[in-house]
Amino acid sequence: MTDCPSTAPVVIIGGGAVGVSTLYHLGLMGVKDCVLIEKNELTSGSTWHAAGNCPNFSPNWAILTLQRYGLALYRDLAEAVDYPMNYHVTGALRLAHSSERMREFEHVASMARSQGLTIDILTPEEMTAHHPFMETHDLEGGLWDSLDGDIDPAQLTQALAKGARDLGQKIERFTDATGVSREGDEWIVHTNRGDIRCEKVVNAAGYYAQRVGDWFIPFGGRRPPIVVMSHQYFVTEPIPEIAAWSAEHGRKLPMIRDVDSSYYLRQETTGLNLGPYERNCRAHWITADDQMPDDFSFQLFPDDLDRLEWYIEDALGRVPLLGAQGVGRVINGPIPYAPDGHPLVGPMPGVRNAFEAHAFTFGIAQAGGAGKVAAEWIAHGETEWDMWDVDPRRFTRHADDAYAKVKGMEVYGHEYAMHFPHHEWPAGRGLKFSGVHDRLVAAGAQLGAYNGWERATWFAKPGDDVSEAPTQTWSRKGPWEPRVRAECEAVRDGCGIIAIPGFSRYTLEGQGAAEALNHMIAGALPKVGRMTLGYFPDDKGRVITEMSILRTGEDNFTLITAALAEWHDYELLANGIPSHVTLNNVTDDVETLLVTGPQSRNILAPITEADLSLSWLSHQDAVVAGVPVRLVRVSFAGELGWEIHVAPSRAGAIYDAVIGRGATPFGMYALNSLRLEKGYRAWKSELSVDYTLLEAGLDRFIRFNKTAPFPGRNALLMERQRGSQRNFATLIVDAGDCDAPPMAPIWKNGERVGEVTSGGYGYRVGASIALGVVSSACAEAGSTLEVEIYGEKRSATVQPPLPLWDPQNARMSA
């Protein structure tokens, strides 16, 4: 064995498909001489026993993007790197037992078509033309993806490895990483063959990623939130009828995914491969008597087919040929799961120049796209596509081992579940609370989790059905609908109060704080005693994030952003300020109570001596109901109102006083409806690196002539000069009973011209609303477009570039 390199620009720990894909893509991007280290042979972890299924399908836009890119890469990879591979593009059927599932299929098919894929919706009769051995009598319909299939995971990994080596990268097998340390700006990766110094390091260690992640805790890291699940599938002995069909047609049968029954069934040589995702699933290596071994390379768990009994019987009814022959072999191997089932790809939270690319439940299908995205983060510090849904920073301190376990098991057991807009998943709840939580529950609050924080979504009345069953729908109609309407009307006509715990909140202070912040945002800083919205662009002028900026002194600021953005935005600030400026995360120290509506001044006046005549976007220290607070004249609901920023432990007195004077509690569903009517952008919906500030309609927050340069200024200037190709638009939609879901295509004369970013019903304006981005030629007020909602193209009209409700903002400034 040759000597292990002692230096490299990047070291990747882990030699599965994802780690090798990252290495290959770094080479494609010109980052050469990188080193990948693997403790055993390549593929020795989850990759070697993976089924190798390669779907395009995903209800998540980011995952769909990853898989679409990866499958396209694989179709040409053998020729590109001159390495033969067994890649069977067989096509695949997804089966629907209900109209709700068909609606999901219609939406995903529309998203896939937006990405250039061809996915068809089929009747049960049409499906038999693709798979003659399948029973369809009990089905509502199905979905057909002609580009689905399966690939040999080992061959894929070796092809990527060859491509990486040809580009000047190094792969060191049988090299066991034992830890990391820092020396100046360099990482030192310790191995059994010596140390490797590098600028950047990547944790691509698969189901060992948590153990590797622990090495980074002394450098600001955290324990990666993953759990290792046992995924079991079996392959039958050869089946003569399948062998005959393949010989006649010269190809394999297409894959079947019975997503309502929760399994996949595909041809393997001339037998069948059945892989369920069972509700009675099992996690491994989570107890003291079941510790993860030091080396589990090329090993499996014992067979446990008893827990698959129901799924086997169901599959036998679907394809009776499954029972024609006995079981040939059983594969029961470890698969890492993150709490939401999506991988962790991107910057390692809290650790500079460290990255993650692990927790893949569908690692073979996603390896190609994940390698591209990870390499972009490493090489460029940003990605082509908005990849928040796989960003490791989306899980914060609440995502400990216990949380990862219960959520991972919940996701595994509901792998193919539909994610309805009003459904809340029960596992991993009750972790972070509002200071008035007990009061909310007593008032009938139904709760949702926002970065672990429990918030009221709507308030039920006695007799309302608050069970899980009514939430299994894409429709806006349900027990919540009349309550949300009434909550919106209360805010419109009187006064409402909503408790919003968990807004991410930071203080920034010290000499130079203003100058540093001014260089990060596109707009102007507020004066002392005032606030503004600050937009942080990247070098391309794309929207990284939005923060409310409250200025309390010349070099003293409070910055407030979305709950989900807590770690993401903290790092953005930390990386942009000099060392002598102090940045503190005070998210847990303050809660927000929003008191809003035309009667809010009358409600507050008797319980505070604050100056309630101060203008919109002002803030002041005050006492409300005997409690010291910061009172901020702003309302995300678009009415006269104040945010009351208060210590959570003292919020109860204020809440009681406001309710006692006649305010109505309202929840997040109502707040979302109210913000849509005002055209207010939401984080990672409209506010995304998929759009520039100009495309997102944020022109008024850009100060091109300010003396402090900011990222993306030149790119935005050029865009302004040539004109944006896309523009933000608000649409009124003839939507029927379902509002437009995110990423629903927008059409004009049969041509796709944009996509929905947020949709919902506006109860003050009495209409279904879609916010979106469309081609500039279609953004003019009055333009008639169509929004595709679960397969139906519904008429929509572009509105003037003003809020739908109170377009002159007179009610807010009253």
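1. First, the ground rules. The model is predicted, with local features needing pLDDT of at least 70 and side-chain atom pairs counting only at pLDDT 80 or more, while totals for chains, interfaces and linings use all residues. Residues are numbered from 1 along each chain as its sequence is written, and side-chain values use heavy atoms, leaving out hydrogens and water.

2. Start with the open sheet of five strands, ordered β25-β26-β27-β24-β28 with antiparallel pairing. Strands here are DSSP runs of E with at least two residues, helices are runs of H or I with at least four, and both are numbered from the N terminus; two strands pair if DSSP finds at least two bridges between them. At the edges stand β25 (531–537) and β28 (582–585), each pairing on one side only.

3. Now for β25 itself. Six of its seven residues are buried, so β25 is largely enclosed by the rest of the structure (buried means under 20% relative accessible area with a 1.4 Å probe, protein chains only). Seven bridges join β25 to the antiparallel β26, and Met-531 has Leu-550 as its bridge partner in β26. The two strands form a hairpin with five residues between them, where Gly-541 in the turn has a positive phi of about 80 degrees.

4. A pocket is an open set of points on a 1 Å grid over the protein atoms alone, where a 1.4 Å probe fits, with protein on both sides within 12 Å along at least five of seven lines; lining residues have an atom within 4 Å of a point. Of the 46 lining residues, the closest to the centre are Pro-347, Trp-377, Arg-393, Glu-571 and Asn-575.

5. Further along is an open sheet of six strands, β30-β31-β32-β29-β23-β33, with mixed pairing. Because β30 (619–624) and β33 (664–665) each have a single partner strand, one side of each is left without a neighbour in the sheet. Inside this sheet, β29 (residues 591–596) and β32 (residues 641–646) pair in the antiparallel sense over six bridges, and Glu-591 has Val-646 of β32 as its bridge partner.

Note on methods: Buried means under 20% relative accessible area, exposed over 50%, partly exposed in between (1.4 Å probe, protein chains only).
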